[in-house]
Amino acid sequence: MPGYGSLKRRAFVLCVMLALGLGAFPGAPVSEARAGFEDGWRAYQAGDFAGALNEWQPLAEGGDAAAQFNLGVMYDEGRGVAEDRAKALEWWMKAAAQGDGQSQHNISLAYIFGRGVERDYGKAVSWLEKAAASGIARSQYSLGKLYGYGHGVAKDEKRAFMWISKAAEQGLDKAQYNLGKMYRDGIGVDKDVAAAARAFLAAAEQGYAKAQNHIGVRLVRGEGIAKDEVQALMWLTLAARQGHASARENRKALARKLGTAGRDEAERRARQWKPRK
Amino acid sequence: MMARRWLMAVLVACLGGLSAPAWAGPEKTSPDEAAKFITALSKETLSVLGARDASLGEREERVRQLLGRSIDLPRIGRFALGKAWPKATPEQRQEYQLLFAEWVLRTYSRRLGGYSGQSFKIIKAGPLGKRDAVVFTKIGRPSGPPLKAAWRVRGSASGYKILDVIVEGVSMIATQRSEFAALVRRQGVMGLIDSLRMQVTKFAARSS
């Protein structure tokens, strides 16, 4: 009974949201504006975009940053309204002016592709800086990449390392993977094979195929991590199953080298493996 | 009538460049079969979109899976990269293709996932180029005039795949190709890969 399950889950989520909301403001009733916002969210989830717009538009006009952000998304994706990227940007700008990090992040993306606005890497970077400073992991990662390549900014490997490591600390798998490469190659930081292996492992554990390949290779060589060929085969198997081409090659070579017992054990571990959330 | 003829002209002009590889042989895609494929796909998509018991995220995920197996993403990705494709290294190609697929699926499943109350009508189908078929459709929307979309389809041993969609006379992949070419001119292939990597981080609507 999928309907029942999802209803129960939604009721649970709603309870948790209410509990959190009430917990944060003891004694205060859920404000009318919040209730309107949540009605809008329910309409949005049901695909009733006109209904969502009805709830969010007045809130957005009244200065609610989350409603402004969501209106921006609706115009950007053309949901319930004609697609209008300039209008999307207008709403995101209003929210961004209030310090809304997700709006700042989406604005920077619009500048990168020139959507609804003239393409401008410099502006993209300055919006990303704001979002990254407010703690948005995706922005920290993106900014780190821009500093690494020197797109829209002067190339600065130390800054690239700083932002990528901040995003990695927040658990962003791609950032952890990139951090691993920076430690491995000594980019923006001193070379450190053990730190590289730790970073690759963290991303691999979340299911990131490229990192699974890298940690597999390191386990074979015993580079920065104790040599363990069976565990290596497990990681290479997991990466290969996600379609990673070099992992497939590496896996084949290692499987030939290991005996049946090692192969079976790696296979068993791969079957039982689950990504860490 | 004029509009349709114009559409056909644009189609041929835009997509002439997407020719079959020499080894593929003149295996033709039957327009009737292509129309059946598009009909089945539209029925499946409309039923996913109409599943009111599923959350928006779940509907988008199902649309994403449908699109993933119905669109020839590797071929479209290669075409969209244009002249930069032969110059890209194997690693760049792999990275680009992964990101391109992710980006297309994310964009279109978000765009389609929320829709409801649409209707889908096949107008006609015909051959296109040496081996493809084109299926002309009209998509009715609850608000606004119906949308004209033409689907370029190629059949092969592994089934039918969409190669392009031409909405109101504008080829999606030709548009993509020129957008990408501009980026590659400015920043090179790595710059394009970087931009795609960032585009897939765009935030969707949120609950609080």
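Author: Strands (E, at least two residues) and helices (H or I, at least four) are DSSP runs, numbered from the N terminus, and two strands pair if DSSP finds at least two bridges between them. This is a predicted model, in which local features need pLDDT of at least 70 and side-chain atom pairs count only at pLDDT 80 or more, while totals for chains, interfaces and linings use all residues. Residues are numbered from 1 along each chain as its sequence is written, and chains are lettered from A and ligands numbered from 1 in the order in which they are written.

In chain B, five strands make an open sheet with the order 1-2-3-4-5 and antiparallel pairing. Strand 1 (119–128) and strand 5 (170–171) of chain B are at the edges with a single partner strand each, so one side of each has no neighbour in the sheet. Strand 5 of chain B pairs with strand 4 (residues 159–167) of chain B over two bridges, in the antiparallel sense. Within strand 5 of chain B, S171(B) is the bridge partner of I166(B).

Chain A, by contrast, has zero strands and 15 helices. Between the chains, 28 residues of chain A are in contact (C-beta atoms, placed from the backbone, within 7 Å) with 26 residues of chain B. Helices 1 (2–24), 2 (32–45), 4 (65–77), 6 (101–113) and 8 (137–149) of chain A each supply at least two residues of the side that touches chain B. Helix 6 of chain A gives the largest share of that side, six residues.

How values were computed. Contact = placed C-beta atoms within 7 Å.
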